[in-house]
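Biologist: Good morning. May we go through this structure together, one topic at a time?
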Amino acid sequence: MKVFHKPTCITCKKTISEIERMRADIEKRDFFKEPFSESELKKIIKMTGKKPPELLRKRDKMYKELDLENNKKTDAQIIKLMIKYPGLILRPIIISKNKVYVGKIDTSKIK
């Protein structure tokens, strides 16, 4: 199981400790220290079955500064912004087998 996270994120910390309690093998990666490549992020987004705008953190300060609420961008532009400003990416991202879970999730549903 892979977990992409930010060490200071409370939701990430909670999720990781819940997964560790389940005795699952976890490969953790701080995507602020080790950023996603564009192809890697595209692959993860595709696996979620969602559109890039659905994976944006609306409370992130860059979201407001870039006025992403009103400033319509293409999916490709949004992906480039997510790479440039990793704080925009909803977290944590958990990949278990071929499923991807993003944001606050019920860890009992992860297999």
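Biologist: Is Glu 20 buried, partly exposed or exposed?
Modeller: Please keep in mind that this is a predicted model. In it, Glu 20 has a relative accessible area of 39%. That value lies between the limits of 20% and 50%, so Glu 20 is partly exposed.

Biologist: With which residue does Glu 20 form a salt bridge?
Modeller: The partner of Glu 20 is Lys 28, and their closest N and O atoms are 3.3 Å apart. Lys 28 is also partly exposed, at 45% relative accessibility.

Biologist: How many salt bridges are there in the whole structure?
Modeller: A search finds 7. One of them joins Glu 38 to Lys 42, with an N to O distance of 3.3 Å. Both residues belong to helix H2 and are 4 residues apart, which is about one turn of the helix. Glu 38 has 28% relative accessibility, and Lys 42 has 42%. Together with Lys 80, these two residues form a network of salt bridges.

Biologist: And Asp 60 with Arg 57, are they buried or exposed?
Modeller: Both Asp 60 and Arg 57 are buried. They form a salt bridge as well, with the closest N and O atoms 3.2 Å apart.

Biologist: Let us change topic. In what order do the strands of the sheet lie?
Modeller: The order is E2-E1-E3-E4, in an open sheet of 4 strands with mixed pairing. E2 and E4 are at the edges and have a single partner strand each, so one side of each has no neighbour in the sheet. From one strand to the next, the twist averages 15 degrees.

Biologist: How do E3 and E4 run?
Modeller: They run antiparallel and are joined by 4 bridges. Ile 94 stands opposite Tyr 101 of E4.

Biologist: Which strands does H2 touch?
Modeller: H2 packs on the sheet and touches E1, E2, E3 and E4, with its direction at about 95 degrees to that of E4. Helix H1, residues 10–21, lies across E1, E2 and E3 and runs at about 160 degrees to E1.

Biologist: Finally, which residues touch the most other members of the largest nonpolar core?
Modeller: They are Phe 36, Met 82 and Ile 93, in a core of 21 residues. Several elements supply at least two residues each, including helix H3 and strand E3. Helix H4 gives the most, with 4 residues.

Biologist: What is Phe 36 in contact with, beyond its neighbours within four places in sequence?
Modeller: Its contacts include Phe 4, Arg 29, Leu 41, Ile 83 and Ile 93. Apart from this core lies another, of 6 residues, among them Val 3 and Ile 110.

Definitions and conventions: Residues numbered from 1 in each chain as written. Predicted model: local features only at pLDDT ≥ 70, side-chain atom pairs only at ≥ 80, totals over all residues. Heavy atoms only, no water. Core = buried A, V, L, I, M, F, W, Y, C linked by side-chain atoms within 4.5 Å. Buried < 20%, exposed > 50% of the residue type's maximum accessible area, 1.4 Å probe, protein only. Contact = heavy atoms within 4.5 Å. Pairing = 2+ DSSP bridges. Axes fitted to C-alpha atoms, helices over the stretch in contact; angles between N-to-C directions. Salt bridge = Lys/Arg side-chain N within 4 Å of Asp/Glu carboxyl O.
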